[in-house]
Amino acid sequence: MVFLELLLMLVVILIAAEVFTNALEHLGEKLGISEGVTGSLFAAVGTALPETSVPLLALLAGTQNAATNEEIGVGAILGAPLMLATLSICLMAVSVWRSRGTNGHLRPERTGLARDLSFFIAAFSFAAIAMFVPHSLSAVRYGLGFSMVMIYFVYVMLTLRASKALVEDGHATEAGGDMFLCKLGLPNNMVIIFVQLFLGLALLVGGAKGFIGGVEEASHLLGISALLLSLLIIPIATELPEKVNSILWIRKGKDTLAFGNITGAMVFQGTLLPAIGIMLTPWEPRREVLLGIVLTLVAAIWLRYLVQKGGLRVWHLLVNGAIYVTYLCLVLA
(Lines give C-alpha, C1' and ligand atoms only; values in the text may rest on other atoms or scores of the structure.)
Protein backbone atom coordinates (compact mmCIF):
# COMPACT_ATOMS: atom_id res chain seq x y z
CA MET A 1 0.00 0.00 0.00
CA VAL A 2 2.87 2.39 0.71
CA PHE A 3 4.34 1.99 -2.76
CA LEU A 4 0.87 2.24 -4.30
CA GLU A 5 0.40 5.53 -2.47
CA LEU A 6 3.76 6.76 -3.76
CA LEU A 7 2.75 5.84 -7.31
CA LEU A 8 -0.61 7.59 -6.97
CA MET A 9 0.97 10.77 -5.59
CA LEU A 10 3.55 10.67 -8.37
CA VAL A 11 0.78 10.53 -10.98
CA VAL A 12 -0.89 13.55 -9.33
CA ILE A 13 2.42 15.44 -9.31
CA LEU A 14 3.13 14.71 -12.98
CA ILE A 15 -0.38 15.67 -14.08
CA ALA A 16 -0.03 18.90 -12.10
CA ALA A 17 3.33 19.66 -13.74
CA GLU A 18 1.88 18.99 -17.20
CA VAL A 19 -1.02 21.36 -16.55
CA PHE A 20 1.37 24.01 -15.23
CA THR A 21 3.96 23.81 -18.02
CA ASN A 22 1.28 23.74 -20.72
CA ALA A 23 0.04 27.09 -19.41
CA LEU A 24 3.62 28.41 -19.15
CA GLU A 25 4.29 27.62 -22.80
CA HIS A 26 1.27 29.67 -23.88
CA LEU A 27 2.30 32.47 -21.53
CA GLY A 28 5.74 32.58 -23.20
CA GLU A 29 4.15 32.74 -26.65
CA LYS A 30 1.80 35.57 -25.66
CA LEU A 31 4.64 37.55 -24.10
CA GLY A 32 6.73 37.16 -27.28
CA ILE A 33 9.84 35.90 -25.52
CA SER A 34 12.66 33.72 -26.85
CA GLU A 35 13.04 29.96 -26.69
CA GLY A 36 16.00 30.56 -24.37
CA VAL A 37 13.82 32.36 -21.83
CA THR A 38 11.01 29.84 -22.15
CA GLY A 39 13.42 26.90 -21.84
CA SER A 40 15.81 28.25 -19.20
CA LEU A 41 13.28 30.17 -17.10
CA PHE A 42 9.65 29.23 -17.72
CA ALA A 43 9.90 25.55 -18.68
CA ALA A 44 12.84 24.94 -16.35
CA VAL A 45 11.09 26.42 -13.31
CA GLY A 46 7.78 24.81 -14.23
CA THR A 47 9.17 21.32 -14.67
CA ALA A 48 11.28 21.76 -11.52
CA LEU A 49 8.22 22.54 -9.42
CA PRO A 50 7.45 18.92 -8.45
CA GLU A 51 11.02 18.48 -7.22
CA THR A 52 10.94 21.92 -5.61
CA SER A 53 7.69 21.40 -3.74
CA VAL A 54 8.88 18.20 -2.04
CA PRO A 55 11.81 19.67 -0.04
CA LEU A 56 9.93 22.88 0.74
CA LEU A 57 6.92 21.05 2.13
CA ALA A 58 9.16 18.56 3.92
CA LEU A 59 11.00 21.37 5.73
CA LEU A 60 8.01 23.60 6.39
CA ALA A 61 5.13 21.15 6.92
CA GLY A 62 6.40 17.59 6.61
CA THR A 63 6.13 14.67 9.01
CA GLN A 64 6.15 14.77 12.83
CA ASN A 65 9.83 13.75 12.78
CA ALA A 66 11.99 16.86 12.29
CA ALA A 67 15.14 14.82 11.52
CA THR A 68 13.32 12.90 8.77
CA ASN A 69 11.99 16.16 7.34
CA GLU A 70 15.53 17.52 7.17
CA GLU A 71 16.88 14.37 5.52
CA ILE A 72 14.12 14.40 2.90
CA GLY A 73 14.70 18.11 2.32
CA VAL A 74 18.48 17.89 1.91
CA GLY A 75 18.26 14.76 -0.23
CA ALA A 76 15.68 16.25 -2.58
CA ILE A 77 17.52 19.58 -2.81
CA LEU A 78 20.87 18.04 -3.77
CA GLY A 79 19.58 15.01 -5.66
CA ALA A 80 17.90 17.12 -8.36
CA PRO A 81 21.01 18.97 -9.64
CA LEU A 82 22.94 15.68 -9.57
CA MET A 83 20.33 13.94 -11.70
CA LEU A 84 19.95 16.87 -14.09
CA ALA A 85 23.70 17.30 -14.70
CA THR A 86 24.27 13.58 -15.24
CA LEU A 87 21.37 11.25 -15.97
CA SER A 88 19.02 13.72 -17.71
CA ILE A 89 21.78 15.05 -19.98
CA CYS A 90 22.84 11.52 -20.85
CA LEU A 91 19.32 10.30 -21.66
CA MET A 92 18.85 13.27 -23.96
CA ALA A 93 21.97 12.24 -25.90
CA VAL A 94 20.93 8.57 -25.98
CA SER A 95 17.60 9.59 -27.54
CA VAL A 96 19.40 10.96 -30.65
CA TRP A 97 22.31 8.50 -30.66
CA ARG A 98 20.77 6.42 -33.43
CA SER A 99 19.80 9.34 -35.66
CA ARG A 100 22.91 11.48 -35.20
CA GLY A 101 25.57 8.88 -34.42
CA THR A 102 28.16 8.71 -31.65
CA ASN A 103 30.09 11.66 -33.09
CA GLY A 104 26.93 13.54 -34.06
CA HIS A 105 26.78 17.25 -33.29
CA LEU A 106 24.43 18.89 -30.78
CA ARG A 107 23.76 22.55 -31.58
CA PRO A 108 22.14 24.49 -28.73
CA GLU A 109 22.48 28.29 -28.69
CA ARG A 110 25.91 28.57 -27.08
CA THR A 111 25.76 31.89 -25.22
CA GLY A 112 22.66 30.92 -23.24
CA LEU A 113 24.01 27.45 -22.44
CA ALA A 114 27.35 28.87 -21.29
CA ARG A 115 25.52 31.40 -19.09
CA ASP A 116 23.35 28.70 -17.48
CA LEU A 117 26.32 26.46 -16.67
CA SER A 118 28.54 29.30 -15.39
CA PHE A 119 25.88 30.55 -12.98
CA PHE A 120 25.13 27.02 -11.78
CA ILE A 121 28.80 26.20 -11.10
CA ALA A 122 29.29 29.45 -9.18
CA ALA A 123 26.17 29.01 -7.03
CA PHE A 124 26.62 25.30 -6.36
CA SER A 125 30.21 25.94 -5.27
CA PHE A 126 28.78 28.21 -2.57
CA ALA A 127 26.50 25.36 -1.49
CA ALA A 128 29.56 23.12 -1.12
CA ILE A 129 31.49 25.73 0.87
CA ALA A 130 28.53 26.28 3.22
CA MET A 131 28.72 22.66 4.41
CA PHE A 132 32.04 23.40 6.10
CA VAL A 133 30.92 26.62 7.79
CA PRO A 134 30.23 25.98 11.51
CA HIS A 135 26.69 26.64 12.73
CA SER A 136 28.12 29.12 15.22
CA LEU A 137 28.93 31.36 12.23
CA SER A 138 25.28 31.82 11.32
CA ALA A 139 25.94 35.22 9.72
CA VAL A 140 28.35 33.59 7.24
CA ARG A 141 25.88 30.80 6.42
CA TYR A 142 23.05 33.27 5.88
CA GLY A 143 25.38 35.45 3.81
CA LEU A 144 26.17 32.52 1.52
CA GLY A 145 22.46 31.72 1.20
CA PHE A 146 21.62 35.32 0.32
CA SER A 147 24.44 35.41 -2.24
CA MET A 148 22.95 32.36 -3.96
CA VAL A 149 19.54 34.04 -4.17
CA MET A 150 21.18 37.12 -5.72
CA ILE A 151 23.02 34.93 -8.22
CA TYR A 152 19.68 33.63 -9.48
CA PHE A 153 18.25 37.16 -9.63
CA VAL A 154 21.18 38.37 -11.77
CA TYR A 155 20.87 35.25 -13.95
CA VAL A 156 17.18 35.96 -14.62
CA MET A 157 17.93 39.59 -15.53
CA LEU A 158 20.69 38.63 -17.98
CA THR A 159 18.55 35.89 -19.56
CA LEU A 160 15.63 38.27 -20.07
CA ARG A 161 17.93 40.95 -21.47
CA ALA A 162 19.20 38.53 -24.13
CA SER A 163 15.66 37.58 -25.17
CA LYS A 164 14.94 40.42 -27.64
CA ALA A 165 17.98 39.71 -29.83
CA LEU A 166 17.20 35.98 -29.89
CA VAL A 167 13.59 36.62 -30.93
CA GLU A 168 14.82 38.81 -33.78
CA ASP A 169 17.11 35.95 -34.86
CA GLY A 170 14.13 33.60 -35.17
CA HIS A 171 14.20 31.95 -31.73
CA ALA A 172 10.74 33.08 -30.57
CA THR A 173 8.66 30.71 -28.44
CA GLU A 174 5.84 28.80 -30.10
CA ALA A 175 3.37 26.74 -28.05
CA GLY A 176 3.38 23.07 -28.99
CA GLY A 177 -0.41 22.59 -28.76
CA ASP A 178 -3.68 23.97 -27.43
CA MET A 179 -3.97 24.95 -23.80
CA PHE A 180 -5.84 22.31 -21.79
CA LEU A 181 -8.59 24.63 -20.53
CA CYS A 182 -9.13 25.92 -24.07
CA LYS A 183 -10.05 22.37 -25.11
CA LEU A 184 -13.03 22.75 -22.79
CA GLY A 185 -14.24 25.73 -24.82
CA LEU A 186 -12.63 28.49 -22.75
CA PRO A 187 -10.89 31.40 -24.52
CA ASN A 188 -7.09 31.60 -24.79
CA ASN A 189 -6.33 34.75 -22.83
CA MET A 190 -4.16 35.79 -19.89
CA VAL A 191 -6.91 35.21 -17.32
CA ILE A 192 -7.43 31.58 -18.39
CA ILE A 193 -3.65 31.05 -18.54
CA PHE A 194 -3.29 32.15 -14.92
CA VAL A 195 -6.32 30.06 -13.86
CA GLN A 196 -4.63 26.97 -15.31
CA LEU A 197 -1.33 27.93 -13.64
CA PHE A 198 -3.12 28.12 -10.28
CA LEU A 199 -4.86 24.75 -10.80
CA GLY A 200 -1.54 23.11 -11.63
CA LEU A 201 0.12 24.59 -8.56
CA ALA A 202 -2.70 23.46 -6.23
CA LEU A 203 -2.48 19.88 -7.54
CA LEU A 204 1.28 20.03 -7.16
CA VAL A 205 1.18 20.97 -3.49
CA GLY A 206 -1.34 18.25 -2.69
CA GLY A 207 0.61 15.56 -4.53
CA ALA A 208 3.94 16.55 -2.98
CA LYS A 209 2.47 16.48 0.54
CA GLY A 210 1.27 12.91 0.07
CA PHE A 211 4.58 11.90 -1.52
CA ILE A 212 6.57 13.09 1.50
CA GLY A 213 4.59 10.84 3.86
CA GLY A 214 5.09 7.89 1.53
CA VAL A 215 8.86 8.43 1.39
CA GLU A 216 9.10 8.29 5.20
CA GLU A 217 7.20 4.99 5.34
CA ALA A 218 9.13 3.51 2.40
CA SER A 219 12.49 4.34 4.01
CA HIS A 220 11.48 2.36 7.12
CA LEU A 221 10.27 -0.60 5.06
CA LEU A 222 13.42 -0.71 2.91
CA GLY A 223 15.76 -0.18 5.86
CA ILE A 224 17.63 2.78 4.32
CA SER A 225 17.83 6.39 5.41
CA ALA A 226 15.33 8.96 4.20
CA LEU A 227 18.34 11.01 3.06
CA LEU A 228 19.65 8.35 0.66
CA LEU A 229 16.15 7.53 -0.58
CA SER A 230 15.54 11.22 -1.23
CA LEU A 231 18.88 11.65 -3.04
CA LEU A 232 18.18 8.77 -5.42
CA ILE A 233 14.44 8.23 -5.72
CA ILE A 234 12.71 11.62 -5.38
CA PRO A 235 14.58 13.36 -8.25
CA ILE A 236 13.99 10.42 -10.60
CA ALA A 237 10.35 10.12 -9.57
CA THR A 238 9.36 13.78 -9.57
CA GLU A 239 11.56 15.44 -12.17
CA LEU A 240 13.02 12.93 -14.63
CA PRO A 241 9.63 12.19 -16.27
CA GLU A 242 9.19 15.91 -16.95
CA LYS A 243 12.57 16.04 -18.67
CA VAL A 244 10.98 13.94 -21.39
CA ASN A 245 10.26 17.42 -22.80
CA SER A 246 13.97 17.75 -23.54
CA ILE A 247 14.02 14.37 -25.30
CA LEU A 248 11.06 15.36 -27.45
CA TRP A 249 12.57 18.75 -28.29
CA ILE A 250 16.02 17.42 -29.21
CA ARG A 251 14.50 14.70 -31.41
CA LYS A 252 12.69 17.50 -33.27
CA GLY A 253 15.96 19.40 -33.69
CA LYS A 254 15.10 22.03 -31.06
CA ASP A 255 18.43 21.70 -29.26
CA THR A 256 18.23 25.11 -27.56
CA LEU A 257 14.90 24.33 -25.87
CA ALA A 258 16.10 20.84 -24.95
CA PHE A 259 19.28 22.00 -23.22
CA GLY A 260 17.66 25.09 -21.72
CA ASN A 261 14.98 22.99 -20.05
CA ILE A 262 17.68 21.05 -18.20
CA THR A 263 20.38 23.65 -17.56
CA GLY A 264 17.84 26.31 -16.58
CA ALA A 265 16.40 23.88 -14.03
CA MET A 266 19.96 23.28 -12.79
CA VAL A 267 20.40 27.00 -12.09
CA PHE A 268 17.04 27.19 -10.33
CA GLN A 269 17.71 24.02 -8.31
CA GLY A 270 21.31 25.02 -7.61
CA THR A 271 20.61 28.48 -6.20
CA LEU A 272 17.28 29.04 -4.44
CA LEU A 273 16.76 25.60 -2.90
CA PRO A 274 20.30 25.11 -1.53
CA ALA A 275 20.01 28.62 -0.07
CA ILE A 276 16.92 27.47 1.84
CA GLY A 277 18.71 24.26 2.85
CA ILE A 278 21.67 26.21 4.24
CA MET A 279 19.33 28.29 6.41
CA LEU A 280 16.80 25.64 7.53
CA THR A 281 18.75 22.36 7.80
CA PRO A 282 22.01 21.17 9.43
CA TRP A 283 23.63 21.22 5.92
CA GLU A 284 26.57 19.07 6.94
CA PRO A 285 29.14 17.23 4.76
CA ARG A 286 27.82 13.69 5.14
CA ARG A 287 29.53 11.21 2.82
CA GLU A 288 26.70 10.66 0.33
CA VAL A 289 25.84 14.38 0.28
CA LEU A 290 29.41 15.62 -0.26
CA LEU A 291 30.07 13.00 -2.94
CA GLY A 292 26.90 14.07 -4.74
CA ILE A 293 27.93 17.74 -4.73
CA VAL A 294 31.44 16.97 -6.01
CA LEU A 295 30.24 14.76 -8.87
CA THR A 296 27.52 17.25 -9.80
CA LEU A 297 30.15 19.98 -10.13
CA VAL A 298 32.42 17.66 -12.13
CA ALA A 299 29.58 16.95 -14.59
CA ALA A 300 28.68 20.64 -14.93
CA ILE A 301 32.32 21.72 -15.39
CA TRP A 302 32.74 19.03 -18.07
CA LEU A 303 29.75 20.46 -19.99
CA ARG A 304 31.01 24.03 -19.57
CA TYR A 305 34.43 23.00 -20.92
CA LEU A 306 32.80 21.42 -23.98
CA VAL A 307 30.77 24.56 -24.69
CA GLN A 308 33.89 26.72 -24.32
CA LYS A 309 35.81 24.36 -26.59
CA GLY A 310 33.21 24.96 -29.27
CA GLY A 311 31.51 21.65 -29.93
CA LEU A 312 29.12 19.22 -28.28
CA ARG A 313 28.91 15.67 -29.59
CA VAL A 314 26.62 12.86 -28.57
CA TRP A 315 29.37 10.78 -26.95
CA HIS A 316 30.42 13.72 -24.77
CA LEU A 317 27.13 13.52 -22.88
CA LEU A 318 27.48 9.79 -22.29
CA VAL A 319 30.31 10.73 -19.90
CA ASN A 320 27.70 12.47 -17.73
CA GLY A 321 25.74 9.23 -17.54
CA ALA A 322 28.89 7.40 -16.44
CA ILE A 323 29.29 9.94 -13.61
CA TYR A 324 25.78 9.11 -12.34
CA VAL A 325 26.52 5.37 -12.44
CA THR A 326 29.74 6.07 -10.50
CA TYR A 327 27.75 7.85 -7.81
CA LEU A 328 25.28 4.98 -7.49
CA CYS A 329 28.08 2.44 -7.16
CA LEU A 330 29.87 4.45 -4.48
CA VAL A 331 26.86 5.22 -2.25
CA LEU A 332 25.22 1.81 -2.55
CA ALA A 333 28.43 -0.23 -2.10
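The chat below goes through a predicted model of a protein chain.

Biologist: What should I know about the model before I read residue numbers off it?

Modeller: The model is predicted, so local features need pLDDT of at least 70 and side-chain atom pairs count only at pLDDT 80 or more, while totals for chains, interfaces and linings use all residues. Residues are numbered from 1 along each chain as its sequence is written, and side-chain values use heavy atoms, with hydrogens and water left out.

Biologist: How many helices and strands are there in the chain?

Modeller: The protein chain has 13 helices and two strands, taken as DSSP runs (helices H or I of at least four residues, strands E of at least two) and numbered from the N terminus.

Biologist: And how many salt bridges turn up in the whole structure?

Modeller: The search finds two, a salt bridge being a side-chain nitrogen of Lys or Arg within 4 Å of a carboxyl oxygen of Asp or Glu. One of them joins Arg100 to Asp255, with the closest N and O atoms 3.0 Å apart. That pair links distant parts of the chain, since Arg100 lies in helix H4 (residues 97–100) and Asp255 in helix H11 (residues 255–280), 155 residues apart.

Biologist: Is Asp255 buried or exposed?

Modeller: Asp255 is buried, at 5% relative accessible area, whereas Arg100 is partly exposed at 27%; buried means under 20%, exposed over 50% and partly exposed in between, with a 1.4 Å probe and protein chains only.

Biologist: Which side chain does Arg286 meet in a salt bridge?

Modeller: Arg286 meets Glu288, at 3.8 Å from N to O; Arg286 is partly exposed at 34% relative accessibility, and Glu288 is buried at 14%.
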